[in-house]
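Subject: Structure for you to look at

Dear colleague,

I am passing on the structure below, and after it I have set out what was found, with the cut-offs spelled out as each term comes up. Please read the notes alongside the coordinates.

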Amino acid sequence: MVQYVLRRLVVAVPMLLGAMSIVFFAMRVLPGDPCVAMMGDQATTEALADCTKHLGLNRPLAVQYVDYLWRSVQFDFGSSLRQGYPVSEYIARMFPHTLVLVMASAIVAALVGIPIGIVSALKRRNPLIDYPLRIFALLGLSMPVFWLGILLLIAFSLRLNLFPLIGGGDLDGVIHMIRTGEVFSNPADFLAAVGDVLHHLALPALALGFTLAATVSRLSRSAMLEVISQDYIRTARAKGRDEWAVVYKHALRNMMVPLLTIIGLFVAIALTGTVVTETVFTRPGLGKMLVDAIGARDYPLAQGGITVFTVIIITVNLVVDMLYAVVDPRVTYK
Amino acid sequence: MAIVRDATVPELTAAGAFQEAPSRPLGRTLRRYAPIGIGVVMALAMVVIAAGAPLIAPLSPSAQFADAVLKGPGAVERHALGTDEFGRDLLSRIIWGARVSLQVGLASVIFGFGLGVPLGILAGVQGGRIETCIMRGADMLMAFPTLLLALIIVTALGGTLPNEILAIGVALTPNFVRLARGLALTIREQDYIVAARALGSGQLRVMARHVFPNALYALVVVATLYIATAIRTEATLSFLGFGIPPPTPSWGNILSEGRQYIKCCMWITTFSGLAIMLAVLAFNLVGDALRDLLDPRLRGE
């Protein structure tokens with residue numbers, strides 16, 4: 001077991017390094033000199049030279065590379081080229097918004113997708129139930145997130161005026177209140193702030209969650225189907241166990257392993273989804289920050305953002321691998 | 001005396017040779033082949049529209065009609081789906097946009113397939129250090145979400161059609177590598193491979209003539225599904241502003257431009273989004289149906 005854990009860790013580290021290196025070189029390959037971008041093309045050569053030296057861009061590539069790696073490990077990603085503030089601070093501020101969005105969409109996707117997948121698997125012989133569910137899954141899979149988001153905005157925000165068009169709500173306020181303990185001294189305000197956050201979260205979470213629900217429902221369906229065809233299910237049925245017990249006690253429990261895969265995949269897909277969702281709903285968050293940074297050639301910000309993204313994905317996959325070993329010890333024997 | 005055949009019990013046809021052809025219940029055939037039929041028709045329609053855009057589009061996608069700015073669908077006779085903020089016909093723009101989406105979708109998958117499958121088969125059949133090398137590279141690329149990788153590459157190279165194809169193609173390559181290697185690992189244990197080797201076939205011959213054709217079924221299914229992914233990714237890139245720059249119409253940038261007008265004129269975003277969804281749906285249907293047909297064991301999915 002310990003061996004398994006160590007083996008997975010050993011594999012993860014070079015992957016992380018490799019991903020970070022790809023980020024570094026990709027940024028350097030991008031055309032456009034950040035100094036020119038910042039100062040405009042009327043800037044004097046000395047000003048440009050100063051800027052380059054200040055940003056450390058005139059050092060040999062190898063030196064920049066090692067420096068980048070060393071500092072990244074300490075979470076020091078430098079300062080944003082456009083606005084000067086430290087990247088790690090900015091990322092730390094944006095992170096909760098994205099985290100909240102991913103969690104909310106995860107809940108929506110799980111609540112909608114898993115039951116649909118299971119029912120679809122169990123009732124697959126009944127075309128009346130199976131077909132609509134499969135169509136739902138296909139539609140969700142094919143609908144672009146940004147389109148669904150815009151449609152939701154049109155329907156619920158513009159026409160019905162139920163939800164706000166932009167913004168992320170007072171999440172900073174919520175966090176501040178939790179930190180300073182005001183949660184207890186001022187519960188009313190806290191609840192109001194939480195309510196605000198949820199209000200802004202509803203539509204984006206629905207949009208992202210629905211699209212993810214389609215994938216989740218398909219994966220649950222195949223996971224369930226695989227489990228259902230196993231012999232122990234037939235035995236349980238033959239023993240006369242009622243269908244509910246069969247499903248709950250045997251099928252669901254054994255679905256855990258494939259379900260973990262779903263969670264692992266889910267995080268990667270959800271993170272990518274936040275890029276678009278945050279843009280459509282004009283929410284603050286890592287995704288939007290990243291896209292803006294890449295577009296503006298803001299190297300440190302873009303690097304920091306991509307690194308954080310990949311670290312999260314690799315870490316989640318690592319944790320999922322560990323959980324596999326916990327849930328199904330046979331995995332460690334490979 | 002005609003025996004009514006039950007299509008699922010072929011043993012009953014012991015004296016079969018002289019009986020009539022079995023009459024399959026029409027409903028069952030329809031139901032079974034409907035999805036692939038619909039999907040194929042839709043996909044073909046998309047390809048035809050994309051290829052024949054200059055002939056099919058009623059108007060030029062860049063022609064601006066000053067008297068028909070932001071008109072709804074059908075409000076003006078010649079603009080079936082309405083116009084955008086410059087008075088350009090939406091239907092024509094969407095038809096031309098199909099060109100971009102389908103070109104990128106198909107070409108990037110062909111690229112990824114052409115690059116990834118040989119590498120994957122090589123890794124699977126050769127094993128050893130070559131395999132480790134190739135797989136490490138693929139894993140590193142796979143740590144990036146497809147969209148992000150494509151985004152970085154497209155930003156690095158610039159937003160043109162070939163660059164988009166390259167970007168999405170490269171982003172899809174590791175998926176093909178992984179899949180092809182997995183298939184190669186299974187196939188190389190088969191008896192016919194051993195036989196081929198015993199007959200003196202070299203590695204290359206084994207890979208090309210034996211492993212590849214047998215892996216083709218699964219690869220084609222996945223490739224079709226990836227076409228859907230590629231179309232979606234291209235639309236997302238264009239929507240975010242990283243794809244083909246305007247005024248060239250692409251579904252993503254039509255949607256993005258229309259976004260400013262959702263308060264008054266939602267048809268721009270609605271129809272372009274619908275186009276994206278239909279294209280992605282078409283290839284998903286075909287891919288799914290192919291999978292059901294070619295591998296009955298997986299039919300449950």
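Predicted model: local features only at pLDDT ≥ 70, side-chain atom pairs only at ≥ 80, totals over all residues.

Residues are numbered from 1 along each chain as its sequence is written, while chains are lettered from A and ligands numbered from 1 in the order in which they are written.

B:F212 belongs to helix α8 (residues 203-240) of chain B, where helices (H or I, at least four residues) and strands (E, at least two) are DSSP runs numbered from the N terminus. Leaving aside residues up to four places away in sequence, B:F212 touches B:I121 and B:M207, a contact being two residues whose C-beta atoms, placed from the backbone, lie within 7 Å. B:I187 is 25 residues from B:F212 in sequence, and their C-alpha atoms are 9.2 Å apart in space.

Chain B holds ten helices and zero strands, and 48% of its 301 residues are buried. Of the contacts in chain B between residues at least 6 apart in sequence, 67% join residues at least 24 apart. Helix α7 (residues 191-198) of chain B is hardly covered, since the count of buried residues among its eight residues is zero, and just after α7(B) the residue B:G200 takes a positive phi of about 100°.

Not counting residues up to four places away in sequence, B:A150 touches B:A167, B:I168, B:A171, B:T233 and B:L237.

**Where the chains meet**

The contact between the chains takes 35 residues from chain A and 32 residues from chain B. On the side of chain A that touches chain B, the residues divide into 27 nonpolar, seven polar and one charged; here Ala, Val, Leu, Ile, Met, Phe, Trp, Tyr, Cys and Pro count as nonpolar, Asp, Glu, Lys and Arg as charged, and the others, Gly among them, as polar.

In one helix pair, A:L138, A:L141 and A:S142 of α6(A) meet B:M277, B:V280, B:L281, B:N284 and B:L285 of α10(B). By class, this contact of α6(A) with α10(B) has six nonpolar, two polar and no charged residues.

**A loop residue in chain A**

A:T282 sits in the loop between α13 and α14 of chain A, and its phi is near 50°, a positive value in a residue other than glycine. As background, most residues other than glycine have a negative phi. A:T282 is partly exposed, because 13 other C-beta atoms lie within 10 Å of its own.

Technical notes
Buried ≥ 20, exposed ≤ 12 C-beta atoms within 10 Å, placed from the backbone.
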